[in-house]
Amino acid sequence: MFKFICLGSGSSGNCYLLFSENYGILIDAGIGIRLLKKHLRTFGISIDRIKAVLITHDHADHIKASGYLAKDYNLPVYATHEVHQGIDRNYCVTTKIQGTNRVEIQKNVPFRIEDLEIVAFDVPHDSSDNVGYSVSFEGKTFCLITDAGKPTLEMEEQIKNADYLVLESNHDTDMLMMGPYPAHLKGRISGGCGHLSNLQAAELLARSVSERMKQVWLCHLSEENNHPELAKKTMDSVLRSYGMIMNKDFRVDVLRRKIPSEIQEL
């Protein structure tokens with residue numbers, strides 16, 4: 001049985017763990033290495049159980065510990081060519097990823113890690129490149145989409161095939177526009193290469209979800225421009241307009257920014 005833990009979700013650091021009794025993989029490594037190890041110890045998980053790191057994109061809050069994991073723990077880091085180049089340039093990764101630990105992947109070309117089949121797919125964002133991941137195991141599919149400027153047909157197709165989904169619900173548009181951010185930052189966040197709003201996330205999910213879906217986790221909520229209850233309220237309202245009932249048709253939870261989630265069985 002595979003399990004899921006969110007170790008951090010938001011601009012202060014993103015890191016997600018999929019694991020079984022035998023091994024695990026990280027999706028993003030945007031929290032500090034000491035904090036990562038501390039969180040793993042809390043759950044009784046040895047870092048030696050981790051077999052690989054998948055990176056969505058090259059912003060600091062997704063890659064901070066990637067170099068340490070590659071060098072100190074000899075972990076392969078999977079990312080597109082453009083994301084690896086972005087990591088090379090990023091000041092926050094002082095230890096660069098080299099040699100056999102630097103694994104380049106291509107979008108929509110499946111690859112395997114142990115008994116997981118994984119596909120990276122395009123997600124629009126203002127980074128060097130950005131992907132979501134679809135991870136299939138034991139007849140189930142776990143999908144992660146974060147830092148997405150706008151919904152796309154490709155994202156819809158991935159959600160349609162998912163049993164479990166981590167989906168960005170970054171901001172409430174009214175809170176963002178009335179808040180203290182400068183105009184250029186508001187434009188970046190709300191633009192087509194920024195972040196999904198609560199409404200965008202809810203409509204994307206409502207349009208795409210299938211009867212397979214069992215659990216959705218909303219991720220990367222803004223501390224300044226969102227609130228967990230507001231994100232869930234928007235999701236509930238939109239789902240009802242499509243004839244679905246949140247937490248009846250499938251469960252919806254919100255991942256916290258700095259506090260790890262509980263262990264979720266998949």
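Rings of Phe, Tyr and Trp (for Trp, its six-membered ring) are taken to pair if their centres lie within 6.5 Å, with planes under 30 degrees apart counted as stacked, over 60 as edge-to-face and the rest as tilted.

1. Basis of the note. The structure is a predicted model, in which local features need pLDDT of at least 70 and side-chain atom pairs count only at pLDDT 80 or more, while totals for chains, interfaces and linings use all residues. Residues are numbered from 1 along each chain as its sequence is written, and side-chain values use heavy atoms, with hydrogens and water left out.

2. Aromatic cluster. Ring pairs link Phe-4, Tyr-16, Phe-142, Tyr-164 and Trp-217 into a cluster, and by the rule above the count comes to eight aromatic pairs. Phe-4 and Tyr-16 form a stacked pair, at 6.4 Å centre to centre and with 15° between the planes. This pair links distant parts of the chain, with Phe-4 in strand S1 and Tyr-16 in strand S2, twelve residues apart; helices (H or I, at least four residues) and strands (E, at least two) are DSSP runs, numbered from the N terminus. Both Phe-4 and Tyr-16 are buried, where buried means under 20% relative accessible area, exposed over 50%, and partly exposed in between (1.4 Å probe, protein chains only). Tyr-164 and Trp-217 are also a stacked pair, at 6.4 Å centre to centre and with 20° between the planes. Here Tyr-164 lies in strand S11 (residues 164-168) and Trp-217 in strand S12, 53 residues apart, and both residues are buried.

3. Seven-stranded sheet. Seven strands form an open sheet of mixed pairing, in the order S6-S5-S4-S3-S2-S1-S14, two strands being paired if DSSP finds at least two bridges between them. The edge strands, each pairing on one side only, are S6 (102-105) and S14 (264-265). Within the sheet, S3 (residues 24-29) and S4 (residues 50-54) run parallel and are joined by four bridges, with Gly-24 standing opposite Ile-50 in S4.

4. Helices on the sheet. Helix H1 (residues 33-42) packs on the sheet, touching S1 (3-8), S2 (15-19), S3 and S4, and its direction makes about 140° with that of S1. Helix H4 (residues 81-89) also packs on the sheet, touching S5 (77-80) and S6, and its direction makes about 110° with that of S5. Contact here means heavy atoms within 4.5 Å, and axes are lines fitted to C-alpha atoms, for helices over the stretch in contact, with angles from 0 to 180 degrees between N-to-C directions.

5. Helix H3. The buried residues of H3 (residues 66-73) are Ser-66, Gly-67, Leu-69 and Ala-70, and what covers them includes S3, H1, S4, helix H2 (60-63), S5 and H4. H3 is followed by Asn-74, whose phi is positive, near 55°.

6. Strands S12 and S13. S12 (residues 215-219) and S13 (residues 251-254) pair in the parallel sense over four bridges, and Gln-215 stands opposite Arg-251 in S13.

7. Cysteines. A search of the whole structure finds zero disulfides, a disulfide being a pair of cysteine sulfur atoms within 2.5 Å. Cys-193 is in no disulfide, since the nearest cysteine sulfur, that of Cys-219, is 18 Å away; at 41% relative accessibility, Cys-193 counts as partly exposed. Cys-219, by contrast, is buried, with a relative accessible area of 0%, and its sulfur is 7.8 Å from the closest cysteine sulfur, in Cys-6, which is too far for a bond.
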